Amino acid sequence: MNAPEKVKPRTRFDTVGKPRRRVDGRAKVTGLTRFADDLVLPRMVHCKLLRSPHPHAVIEAIDFSRAKDFPGVHLVLTGKDFPVSFGILPVTQDEYPLANERVRYVGDPVAAVVAKDEQTADAALGLIEVKYRILNTVSSAEEALANPEPRIHDYGEQGNIHRLQAFEFGDVDEALAKSDHVFEDLFFFEGNTHLPLEQHASVAAPDGEGKLTLWSSTQVPHYIHRALSRALRMPAQHIRVIACPNGGGFGGKCDLHNHEIVVSRASLILGRPVKICLTREEVFYMHRGRHPVLMKMRTGVTNEGKLTGMHLQTLLDGGGYGSYGVASTFYTGALQTVTYELPRYKFDACRTFTNKPACGPKRGHGTPQPRFGQEVQLDKIAEKLGLDPAEMRLNMVAKPDSLTANWLKIGSIGLEECIRQVVDHSDWKKKRAQLPPGRGLGLACGSYLCGAGLPIYWNKMPQSGVQILADRSGQVTVFCGATEIGQGSDDMLAAFVAEVLGIDAFDVRLVTGDTGLTPVDLGSYSSRVTVMMGHAAIQAAERMREMIVDAASMELEVSPERLVMAQGRVFLSEDPSKGMTFAEAVVYAETKYGTLGTVGSYAPPRAPGRFKGAGVGPSPAYSYTAVVVEAEVDQNTGWIHVPRIWVAHDIGRAVNPVLARGQVEGSIYMGLGEALMEEQVFRRLPPKMSHALVHKFPSLLEYKSLTSLDMPEVFTYLVEDPDPNCPFGAKEVGQGPLLPVMPAVANAVYDAVGVRIDEVPITPDKVLRALERKAKGETPRVGPDHFPKVPYPTPIYVTTPWEGGDGNETKPADRKQAVAS
Amino acid sequence: MMRLPWFGFHAPRTVAEAAKILAGEGPQAMLIAGGTDLVPNMKRRHQSPQTLVSLRRVDELKKITNGSGLKLGAGLSLTEVIHSDKVRAGYTGLYQAAAQVATVHLRNMGTLGGNLCLDTRCTYLNQNYEWRKAIDFCMKKDGDICWVATASKRCLAVSSTDTAPALISLGAKVKLVSSQGEREVLLADLYANDGIDYIVRRPDEILTEVSLPDTAGWKSTYWKLRRRGAFDFPVLGVAAAIKFAPDGTVEAARIALGAVSSRPLATKAGDSLIGKKLTDEAIAEAGGKAQNVAKPMDNTDLDIYWRKDVVSSFVGYALRELRGDDMRDTRMRISRQAL
Ligand SMILES: Cc1cc2nc3c(=O)[nH]c(=O)nc-3n(C[C@H](O)[C@H](O)[C@H](O)COP(=O)(O)OP(=O)(O)OC[C@H]3O[C@@H](n4cnc5c(N)ncnc54)[C@H](O)[C@@H]3O)c2cc1C
Ligand code: SF4
């Protein structure tokens, strides 16, 4: 349907692969880029939200009469004004723009004031009186299991369990029973948040004809468009969502947020633009970040260090709402098979509701947690078997063009080369286990999606569309719904079109992320933009190229195949002096064809898995990364210092190597922060005296992430092995490089001082505690010590590709038969 | 954005004028120097002074003068303090402490006087009004209980200034000026062990000057523990100053700790060193003594027990550096910068 047209693969490139200044770089550093917070419209008024001071309560009454009468206030809204629930996933419509009768975490929005300015709105919030009836709270996944009542939501599996999932690909118990060794480990990954520098802001404006425009900090204007239409009960064709350039997203701007609906409704009521800018505290409350995940991992291996099977169980703390949680839950298991050969795999997952801000997608969405567990466990396995952890991994890297146990189709794999690069450059062979006490090296690998195979609502339409307009002035304008969140989406778009049309990327005008003007692109999440938008852009550009070359060839009286488009000209390949400028060629094309416009689109290939749940995990391609971390650990204090990190990433092809390296280094930055300090944690007060359950430190100062002084020296290697399923062979680079960082740090700490910290963040107090245990002859480990009983369901059983499966579920009866025969 | 409450504003040009305004306005007026502590606190409604009296234009507070030692105006920015050759040469501990305050930008704004008068800190307090409402407030502001230790009669908020321990170890005095007159107090006596009344300065007094004694024969250092190489307040500060005899015997020693009490803690740990050389044993003994008196509370970053456990190691770093050991690698690992 939308398969990319057969175009002969390019051998030489003018733009792609060249390190370039990004097309939107100067505007950003000179302050000209207009973020949502920069927007000012005539007659604009300002909104502030009143948020719940209670973690769990029923709203009994709201008296806002004093706020309404406060000078300068235009409007006060409460839950009564928003009877319709919403949620980003069609299956979890469990949020209200303003709480209708229940608040579920400290920070849940309860009322809104719109006033002439922010200060007035803020003052009026203090005049609203809310009467609450306090309910008991749930503060962790384990508490959620233990306390089915009161239920935080009246939907879900049971009690405070939101979601249960279980899959088995081949008989794992049998595989483990036959293994030479079985390793069982518990790991915990603490929750953390995105911390984008730009705080969310939105402006909604009516056009006077009943239509609405929303400018917002969002990564997914298309999804917001759909969800907003539902939430406002307004036809989608009357709503236009414009994603402003984002000052960082990392997954935190993928939901439809309460404030976006509130300002939209307010602007329609008032007939004037309404703006809201969240404070840093409020961004911590919006959250949707990394789920805290407890993991149990049972893994079978042969004496040679080959995996035989794995049984992974996860328990997620989802916070107060669904968000993308159902998908996050799948992702704590779905990609566990893509890195190494794994003949059999079983995966049970459980997501719980707690009275905290909702968790959702953060860079790596659901996969960093089990990746941490597996890579640390592999380190333990290698040690036990007396193998070099790098060699052991090299021996089991998944095979290119293969299927995994859970029916994911892998294309190219550059992981072996990645491992070799970091091993060579870090001098691994000479240094691992051989550095003086207190210093060590740790290695870990990972893999990630290049775009989720399926959209969040079921459809078979393209997942990215691009439209190109060229006219006689020589200008090229490209329209695409893709969204710039700082990662370089705009630069990719310009680069692909510029490459095909042989013009300078700076000469391409871009219109992006605007549901009123641009073809649908699903947005900036799941590392999908370069691959999906790239395919669509190349297709649209090739179609444009065809018309231009055709017209030019008639003018030059040569056959079109002999023409080249490069360096702003169209010319004869064997005699470059014979030709014309790009603009002249466009004139001929416009003369011949009339107004010039082309479109391109892309939908990923259908995945081979057919069982229920097979939709999460497939991707057009997978990227691979290997990381070596060097750590220095003080034996007396447990203090951890990371002086150097080597990282090699299989990117297929680096479209703009400068941006690619930036993404890799950004991942190291974020990953090291998660490894060493970042945690979204909460505080209870003595229960007899208080029912409080608050975010421990919703501030940029006390929520710790690395400063520039804490960054190690990073050595980045891009491994380029073009993937045939990707545009010009380019895979993702935005998320994958993050995944191995956390386990590589844990493994390096072990190499340095011989203690296992089986949880993140890895802090000096934990290291010191483990060192004390070691000194006492106890197990030198800090990490979770038990896994609670979770009512996982009977798994959906799917026979693996190599055991005669067809991608469908194998029903128990058929299974028995198969075993008998 | 978090908004400031309304306030009146004065910008006098002399200390005398400022003192007169303060006296006239009474306790609902506050001084503001760089504002790097006060402004965030006002946004969080820890303080809502009706009037601010700014010291930014008072030039007489920005002087560095020689005497038998050194006199530093309270209005000097921390950056100016760091860049003073005299400070670097004779008062290493002060230089190292000032250089590790906050970030470059905050040091450009923040002053020495403001750093010495810095409000005490607590993770139950340094939150916005709505957050504090969610825990029903605390004794230091708007409430009546201390959440750090619910039986405590006093607030246990933490003294978090970096320069005060360094200056105490150097034997600094400060001058306080009001419309009534002026007095000089030993810096160590400026503070009280109470998170609310942490400073004995009267509201109408202006801290104008820090005077440092001559340091011939003395060596000093400051080691700061914090999570990151920049930005963070101390969770432990170790300031040490030692006077050595030519043969390396300790003649006098002062060790002060920051961030382990509601005031900068002038310890007696140095006494055990007097008459000895800085052997490993002597250093360990002093470290142990300092660790005993440190009382970290669970209201800052990092684990409370761990923070106590490492005091002796940090005192060790300081004393070994004064002994002449090459501590540059350790310094780099802890501070992530050369100092
Ligand atoms: C993110 C951040 C990180 C920080 N990190 C650190 C850190 O690591 N270490 C550290 O020590 N500090 C830190 N600070 C606090 C602060 O920046 C410094 O302490 C700074 O030196 C304060 O000086 P100031 O001039 O800005 O004080 P101001 O904010 O102007 O004043 C602080 C207090 O002192 C009073 N005051 C000011 N000058 C005088 C005077 N001459 N006489 C009497 N009273 C006076 C004011 O009334 C006020 O109560 C940090 C602040 C921030 C925002
Ligand atoms: S120590 Fe206690 S009283 Fe003081 S600020 Fe903290 S919680 Fe409040």
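A residue is counted as near a molecule or strand when one of its heavy atoms lies within 4 Å of it. The model is a predicted one, in which local features need pLDDT of at least 70 and side-chain atom pairs count only at pLDDT 80 or more, while totals for chains, interfaces and linings use all residues. Residues are numbered from 1 along each chain as its sequence is written, chains are lettered from A and ligands numbered from 1 in the order in which they are written, and side-chain values use heavy atoms, with hydrogens and water left out.

Ligand 1 lies between chains A and B. Several backbone atoms of chain B meet the ligand in polar contacts (for a ligand, pairs of N or O atoms within 3.5 Å; within protein, one atom must be able to donate a hydrogen and the other to accept it, and residues adjacent in sequence count only if both atoms are side-chain atoms). An oxygen atom of ligand 1 is 2.7 Å from a polar backbone atom of B:G35, and an oxygen atom is 3.3 Å from one of B:S160. A nitrogen atom of the ligand is 2.9 Å from a polar backbone atom of B:L207. Taken alone, ligand 1 exposes 970 Å², of which the protein buries 95% (Shrake-Rupley method, 1.4 Å probe; for residues, only the protein chains shown count as cover).

Now to the interface itself. Contact, meaning heavy atoms within 4.5 Å, takes in 43 residues from chain A and 38 residues from chain B. The area buried between the two chains is about 3,600 Å², with carbon and sulfur atoms giving 58%; this is the accessible area (1.4 Å probe) that two parts lose on being put together, summed over both. Between chain A and chain B there are 16 residue pairs in polar contact, both at pLDDT 80 or more. The side of chain A that touches chain B comprises 21 nonpolar, 10 polar and 12 charged residues. The chains are also joined by 4 salt bridges (a side-chain nitrogen of Lys or Arg within 4 Å of a carboxyl oxygen of Asp or Glu). One of them pairs B:D232 with A:K704, the closest N and O atoms being 2.7 Å apart.

How values were computed. Ala, Val, Leu, Ile, Met, Phe, Trp, Tyr, Cys and Pro count as nonpolar, Asp, Glu, Lys and Arg as charged, and the others, Gly among them, as polar.
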